[in-house]
Amino acid sequence: MKQKHSKNRAKPYKKTTPVRRNERFSKNYSFIQRSKQMEESHRRERIPAVPKQEYEPVAELLPEIQDDVDEAGFYEQLVTGYNHIPTSQILSSNTEDTVIPVPKKIKPNKEKRSVQINAELETYNSFTKRFDFELSTDNINDLIAGKDVKSIKNNWSALGNVKFEIPQMSEDFKEPDCNEPKDITTSSDLQKLEVKLSICGNAKLPLTALQSQLFYVANNYQDIYYPHRTHANAEDIRYVYCLHALNHMLKVRSLILRNNEKVSALAKSQKLSPNEISIPESFRDQGLKRMKVVFIVPFRESALKIVNIIGDLLFGSQEDQARKTSIANYERFLGDYSGNTIYFPKTNPKPVDYEQTFSGNTDDNFKLGIRFTKKTMSLFSDMNSSDILIASPLGLRMLVTDKDSDFDFLNSIELLIIDQAELFLAQNWENLLHSLDHLHLQPQKLPDTNCQRVRTWCLSGASSFYRQTLFFSSHELPEFRAVLNSKCNNYQGKVRITNLIENGDIRNVLTPIQQVFRRISCSNVESTFDDRFQYFVKHIMPQFRKPGFSHCMLYVPSYFDYVRIRNYFKTEMVSFVQINEYTKKEKISRARDIFFHSGASVLLYSERAHFFRRTRIKGIRNLIMYQPPNFPHFYSEMINLMLESNQNPRDGFGEEMSVNILYTKYDLLSLSNIVGSENAVKLTSGKKDSYLFSNKT
């Protein structure tokens, strides 16, 4: 449970600009136009016949070029270096030869084939509309600036208050329906939403109202921000995003395979290799890299559940033994991703939510590539040949920082799913931010994809605007909103669930005590770190020097703040003991004993230590929260430790107790989780600098 990799949290996160970045999306449009002109010219030129040969339906790879390519010339090589046709074979022709000959079909199967194609086109209707829509330079600039966004609010039965933020594109752009959808109860309901038939037969129906509404939004390819994930609805949410991800992946694969057959037939009709023919514009169906879906989850246990759900949707419910034959490397997967459940003591048991969070394999360093073929699903595939990646923030960061390999596989991601985001705060939030900064960057090497098959918006560096992000957390925090606002630019818009919090966690406080909220004045967000510390030194520290002051716990959510206060205490010779996530068990027991028996006046306690251990600290008479907790239920947990049964009757303090919470106006979301949305607004915008909450009778 010790997060050794998180020691670098002593420094605040500063976004580093990636090495390769497309600052202007329009600068590559000239290369795209040049590519189109070349393809058009090849259509108008007759190529002499050569001896008939048999070729594989998959187009050959692009020619290798030097690894060190400057940014300005990269895409020029990408769009102009695709064709292998010798110039000596290019001859002039009349305009009547501009039509590409289509191979003739056997007459008896012609009608049947036509019906099949029409059915396929209907199936891919919304899918193709999304990825065939071309964004203009003005559209991209408006998306970056956040201009012309239409806001629609609605109230759905299961999701609650739903806010649609839809960018206004061209007149051709059709806005999604914002009315509450019907529940999905039968297989035909899924088929109407364009779910693959192979999935419809294995899906567990009926879906709940929550699942139906989430899937409806996800199927419209809009970003989702759902900050109300609980242990009760966790599996329902996981099932929905696995269903959507698999459906998307199968559509991508089916479209590519179908076009491969058409390219192969076209090449045979011209008696050329598929790599030598000029492929029509309508055949653009790929990104620069193969991987399309990324799951970011906190533990291996989460990855195990995702793989099992995808396996159930693909092959139906199976026992582990049967699953080993249908999923390649499944036995190895079970060995690596199951088991290793931590010990939960029977005496002095941990809270229920703790056991639910840490059940199963809680290792947070993993990455798993998944590849789909015609009949199998292969685990542990290479990153560059994988369709799906399941990784933790730490595992993904290690991939992108590995000097021996590149992170080009993250260039063409079309679906990003972030689940249990609140747990990333306790692991290392910087790992997630660093990994997200490496999505959709210019590749280091020329991709192994035929450029004639790559979508133009991917060549122009605009793939981030075609990525859908599904973000799930148990509550709202500024960090979560920042990810959605700064790193999600889906051109089809966002859907936020904006339910107000009526009571907050303060209603779970059992200790009869007054709770004082003290507001700190801040001029801007950047100064909150220093302003909070200066307020603490000026207004709180003098209490530590008063005669008889003891049994004070200083609860610090941020590890960076924790280190700063610890160093200050050492400089000022404050009598204190400390417990953080790196403290060994023996030292924790010693610190608790010293604090309980008044050997030290202050206990410096980090939030991450409480998250990973849930230690029951006894003897607390004065509680100071340096900042509102990132995990709302920790608020009541800490105050309930101050019950009379946990006090030292021989400390001589009687019933003297106090609770102080320091906050700024930028802690609005954290305060809402504790005191409710209405009270949080009063705390942050009221005229007073301190507010009192009391549950004394």
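**Figure 1. Disulfides in the predicted model.** The structure is a predicted model. How many disulfides does the structure hold? The count is 0. A disulfide is a covalent bond that joins the sulfur atoms of two cysteines. Two cysteines are described in the legends that follow.

**Figure 2. Cys178 sits in a loop.** The loop runs between strand E2 (160–167) and helix H6 (187–192). Is Cys178 buried or exposed? Cys178 is buried, because its relative accessibility is 8%, under the 20% cut-off.

**Figure 3. The surroundings of Cys178.** Setting aside residues within four places in sequence, Cys178 contacts Ile152, Asn154, Trp156, Phe164 and Ile166. Asn155 is 23 residues from Cys178 in sequence. In space, the C-alpha atoms of Cys178 and Asn155 are 9.9 Å apart.

**Figure 4. Cys552 is a buried cysteine.** Its relative accessible area is 0%. Buried means under 20%, so Cys552 counts as buried.

**Figure 5. His475 lies in a loop.** The relative accessibility of His475 is 6%, so His475 counts as buried.

**Figure 6. The contacts of His475.** Residues up to four places away in sequence are not counted here. His475 touches Tyr225, Pro227, Glu422 and Phe480, among others. The list also includes Asn630, Phe631, Pro632 and Asn673.

Methods
Residues are numbered from 1 along each chain as its sequence is written. This is a predicted model: local features need pLDDT of at least 70, side-chain atom pairs count only at pLDDT 80 or more; totals for chains, interfaces and linings use all residues. Side-chain values use heavy atoms; hydrogens and water are left out. A disulfide is a pair of cysteine sulfur atoms within 2.5 Å. Buried means under 20% relative accessible area, exposed over 50%, partly exposed in between (1.4 Å probe, protein chains only). Helices (H or I, at least four residues) and strands (E, at least two) are DSSP runs, numbered from the N terminus. Contact means heavy atoms within 4.5 Å.
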